[in-house]
Amino acid sequence: MRHFAPFIFAVVVSACGGGGDGSNRRTLIDSRDNYDPRSLDPALSTDVPTGRAVGYLFDGLTRFTPDARVEPGLATRWDLSADGSVYTFHLRRGVTFTDGTPFVARQVAVSWQRVLDPKVKGGRGWPLYPIKGAREFAAGKATSIQGLATPNDSTVVVTLTEPFAIFPKLLAMPVASIAPDNVGANFGEKPVGTGPWKLVEWKHDDYLLFEPNKGYWGGAPRADSLKARIIAEPSTAVAEFESGNVDVLQIPQSDITSWQEDTERKKLLASTPSLELVYVAINTTRGPLRDVRVRQAINHSIDRRILVRNLIAGRGELAAGVIPFSLPGSDKTRIGYAFDTLRARQLLTEAGYPNGIDVDLWTSATPIFVRIAETLQGYLALSGIRAKIIQRESAAAREAARKGQADLFVKDWYADYPDAENFLYPLLHSANLGVGGNVSWFSNAQYDSLVSQSRREQNEEKRNAMYRQADELAFHEAPMVFLYFYSELNAVQPWLKGFVPPTIFNGQSWTTVTKVRGSVK
Amino acid sequence: MGAFILRRLLFSIPTLFGVLVVAFLLLYVAPGDPVQAMVGERADEATIARLRAELHLDDPLPVQFGHYLAGIVKGDLGKSYITNRPIRNDIIERFPKTLQLAGAAMFLATVLGVTLGVVSGSRPGSVIDRFGLGIAYLGISFPVYWVGLLLILLFAMTLHWLPPSGFGGIRYLILPALALGMRSIAFLARMTRSAMLEALGADYIRTARAKGVRETVIVSRHALRNALIPIITVLGLDFGAYLTGSILTETIFSWPGLGRYVVNAIARRDLPAIQGSVLFLSAVFVLVNLITDVAYAKADPRVTYG
């Protein structure tokens, strides 16, 4: 054994230096999916790998650019009624599905009905719920969606239950993509869309292979083919990247430092604005946590600077509210809760808990969350808060939080679309208690009214001001420990041209991505 | 022998029924709801209630079990809650890959493990024996996960001899088979060595030597044949285990087999997928055990089944 250790060391060192050359490979290969998509049916896209693949195969009425702007998709433009509740979408003409079927307005209605139909077993109706009659249709109380009309083949008129200014952003989500109107039972395996890519084959748990849709209205992809490999183990994805077998890699959080400190590998790094909030939901309905002073005390107990530096190599912006700093409505000047154990103890005493409190701190088995929970436990103890860590497998932990059984729950929230509303509304509005995303069980009339009002507000400036106000309120009410916004780190091979890591997961369709042939080393 | 096999097959039916009941009940007792996994991070109670009704999750347990059993009897394992695909198709797609990996691992284990054991056992105390013992210790002590990553580091990243992961030709099979088979290689080497030592000290070997039989023949025909029973036991048990649980190896090497399928199904609380694969894998395990028992009789004429 004495002779074995230097051997391993030699292997590790030499492996880090070697990078394979994949510049002659013609297929673009992605390695970011770590589990098999659920299906390729847009109506079933509730997770990231599914949404990403659906984005390659289908189009929505709108779509995201890599930097998360919303641009026209199958709708070339849209008009909004004066009261802000009726959208008239003018559809792109001359678009066909890859099986030759022409794209017409009727398919928009049929596709959205499928999303809401319980028989399809999708389960993600909420992006379409703003449409009048959508909930009734989903509940089986109506045979069509009242607020959805198709006066002719190239027009869709959508009537909302109330004005909702950011509605076009929701239509860029994969679940709102348009499918043909006669989908077979096998549609999830053999999808037909209007998107930039066509499915060649899907080897489950192995890869999905796509070829360009030559007739794509937005210009056919320039590469020969695109392969999305399913790699479950992050270290394996790193090995594939280092061997030159894949073109894009999501850097595992545990490896960030080694990439940032290596002069060669550092050149390949590309990061995206942070639209992921990592936080600890505080259940505001349980015991001492009902008292805002206790919740503030918990926030004051943690040295987030140290936590971010030591756990994620500094790749997090300290949060002071729920709105990421890259989104309008955020307040960069707001100062977050300072690490102040004395203040925390004082607040606890004021609240009537001079001897501290006992809380259950729930976490899933996700490594970073476990580390956060352990760190928190240590810090909380300094303020006299005795936290008992309860680690469960993620489905079980989430269920407990959704039922309101967890005092504190370490979790994160990714944006589905780039808007402050996507944080303010699901995470803290009382319409979304439990399964809706509000596992803080936060219910505050003033906050609710502000957020509801902001959703209806047509004027962007006024809306952003309301966002800011609601965020400020949430910050002081402290229904969560505001930890940090994580900014995802990717590595991109030097031979890849035109790839920008997308801000929203389905914002990169690879159409303009090419490879520089020949060795680039 | 035919009657024996038939009887064993009949006996396996209650065993599998037991597996079915336990798998069914455990999942309903365990926390975590399949519908919650289906709807993702953001949902509403009405949708969840509708999906539960659609999937008959609100029916009384005996009714649900009855439906499930009726399907099984007709050879229908049901459809996945999450993907809507028939479980049968999923198993048919993945099991051959798991079989291939387990088969390759067992092949390596048999060839390398038995050879190492025979060579070590016939020359106890020699350099090669000590080398063999060393390998065996390492193989048994190292976790599969670590061995797998190390193999990728050495053979894929440093030497560029083999691809790090994925499914394809024989080049893709070598590393995962080695990682998976490592423990069996080690275990078999030790097992074979001690069985050989025991056999080589027996009276009939002395007799064979006395009548002038060549040493190679003594080792390969007389001693090894008698050492086979424990070897077959280990092979059978390990093969059964590999067929049903090479989850870590499949994960590290992105091998699209049944192990990863089951883990994903569990993470998403995909009840029909979990139940279907557990039932299928139990049947495989029962079958492998049966084959092992039949092999005993072939290896040792003293073993008879009535």
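How many helices and how many strands are there in chain B? Select chain B of this predicted model and colour by secondary structure: the chain has 13 helices and zero strands. Followed from the N terminus, the elements accordingly read α-α-α-α-α-α-α-α-α-α-α-α-α.

**The whole chain**

With chain B still selected, orient the view along the principal axes. The C-alpha atoms fill a box of roughly 85 × 55 × 30 Å. Chain B comprises 306 residues, of which 42% are buried. Turn next to the contacts within the chain, taking those between residues at least 6 apart in sequence: 74% of them join residues at least 24 apart.

**Two helices that cross**

Next, select residues 127–141 of chain B, which form helix α6, together with residues 170–200 of chain B, which form helix α8. The axes of these two helices come within 8 Å and cross at roughly 135°. The crossing of α6(B) and α8(B) is left-handed.

**The residues between them**

Now display side chains where the two helices meet. On the α6(B) side, select G132(B), I135(B), A136(B), G139(B) and I140(B). Their counterparts in α8(B) are M182(B), R183(B), I185(B), A186(B), F187(B), A189(B), R190(B) and R193(B). Colouring this selection by residue class separates the residues of the contact into eight nonpolar, two polar and three charged.

How values were computed: Residues are numbered from 1 along each chain as its sequence is written. Chains are lettered from A and ligands numbered from 1 in the order in which they are written. This is a predicted model: local features need pLDDT of at least 70, side-chain atom pairs count only at pLDDT 80 or more; totals for chains, interfaces and linings use all residues. Helices (H or I, at least four residues) and strands (E, at least two) are DSSP runs, numbered from the N terminus. A residue is buried if 20 or more other C-beta atoms lie within 10 Å of its own, exposed if 12 or fewer, and partly exposed in between; C-beta atoms are placed from the backbone. Two residues are in contact if their C-beta atoms, placed from the backbone, lie within 7 Å. Axes are lines fitted to C-alpha atoms, for helices over the stretch in contact, and angles run from 0 to 180 degrees between N-to-C directions. A crossing is left-handed if the near helix is turned anticlockwise from the far one by less than a right angle, and right-handed if clockwise. Ala, Val, Leu, Ile, Met, Phe, Trp, Tyr, Cys and Pro count as nonpolar, Asp, Glu, Lys and Arg as charged, and the others, Gly among them, as polar.
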